[in-house]
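I went through the fold, the charged pairs, a helix and a pocket.

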Amino acid sequence: MTDTDIKAKIARLREQLEAAGSPDPETVSLLQQLDADLHRLLDQSDPDSHPLRERVETLAADFDAQHPQAAAILREIAVALARVGI
C-alpha cells in the first residue's frame, strides 16, 4: 500500500462522513486533526507514527455505532499505515 492509497482512503472517509450528514463539531475537529496529522506523517521520511495509528484505531472504535462504514475506512487506514511501517 502506498501513500497515495492512504490519501485516497482519507478522501473516501471524508466523503462517507459528508454523505452521512453533518457530524458534530467535536468529530469534525478530530477528523480535521487526524487528516492533517496523516498528511504530515506521509510526507515525512522518518515518522514516529505508532501513536497516530493507535488514534486511528480508537477513532474507528468510537465510530462503530453511528458510522460503521466510516469506521471500516478508518480500520483500512490503520492497516495501511501498519503495512508501510507506521
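My entries follow in the order of looking.

**Ground rules.** I worked from a predicted model, where local features need pLDDT of at least 70, side-chain atom pairs count only at pLDDT 80 or more, and totals for chains, interfaces and linings use all residues. Residues are numbered from 1 along each chain as its sequence is written, and side-chain values use heavy atoms, with hydrogens and water left out.

**Fold.** I looked up the secondary structure and found 4 helices and 0 strands. Helices (H or I, at least four residues) and strands (E, at least two) are DSSP runs, numbered from the N terminus. Along the sequence the pattern reads α-α-α-α.

I then checked burial. Of the 86 residues in the protein, 34% are buried. Buried means under 20% relative accessible area, exposed means over 50%, and partly exposed lies in between (1.4 Å probe, protein chains only). The accessible surface comes to about 5200 Å². Carbon and sulfur atoms hold 47% of that surface. These areas come from the Shrake-Rupley method with a 1.4 Å probe; for residues, only the protein chains shown count as cover. For contacts, I took heavy atoms within 4.5 Å. Among contacts with a separation of 6 or more, 64% join residues 24 or more positions apart.

**Salt bridges.** How many salt bridges does the whole structure hold? My search gave 4. The test is a side-chain nitrogen of Lys or Arg within 4 Å of a carboxyl oxygen of Asp or Glu.

I started with Lys9 and Glu76, whose side chains meet at 3.0 Å, N to O. Lys9 is buried, at 13% relative accessibility. Glu76 is partly exposed, at 30%.

I next noted a salt bridge between Glu76 and Arg12, at 3.2 Å, N to O. This pair also links distant parts of the chain, with Glu76 in H4 and Arg12 in H1, 64 residues apart. Arg12 is partly exposed, at 37%.

Arg75 and Asp64 form another salt bridge, with the closest N and O atoms 2.9 Å apart. Arg75 lies in H4 and Asp64 in the loop between helix H3 (50–63) and H4, so the pair ties together parts 11 residues apart in sequence. I checked both partners: Arg75 is partly exposed at 36%, and Asp64 is partly exposed at 36%. Shared partners join Lys9, Arg12 and Glu76 into one network of salt bridges.

**Helix H4.** I went back to H4 for its length. It has 16 residues and spans 23 Å from first C-alpha to last, close to the 22 Å expected at 1.5 Å a residue. The expected span is 1.5 Å times one less than the number of residues. Which residues of H4 are buried? I listed Ala70, Ala71, Ile73, Leu74, Ile77, Ala78, Ala80 and Leu81. After H4 comes Gly85, which has a positive phi, near 85°.

The largest pocket holds about 260 Å³. On a 1 Å grid over the protein atoms alone, a pocket is an open set of points where a 1.4 Å probe fits, with protein on both sides within 12 Å along at least five of seven lines; lining residues have an atom within 4 Å of a point. Grid points are joined across faces, edges and corners, and the volume is the space filled by probe spheres set on the points.

The lining of the largest pocket counts 12 residues. Arg14, Leu17, Val28, Leu31 and Gln32 lie nearest its centre. H1 and helix H2 (25–43) are the elements that give two or more residues to this lining. H2 supplies the largest share, 6 residues.

**Two single residues.** I finished with two spot checks. Asp37 is in helix H2. It is buried, at 11% relative accessible area. Leaving aside residues up to four places away in sequence, Asp37 touches Leu52 and Arg55.

Ala61 lies in helix H3. It is partly exposed, at 43% relative accessibility. Its C-alpha is 9.4 Å from that of Ala72, 11 residues apart along the chain.
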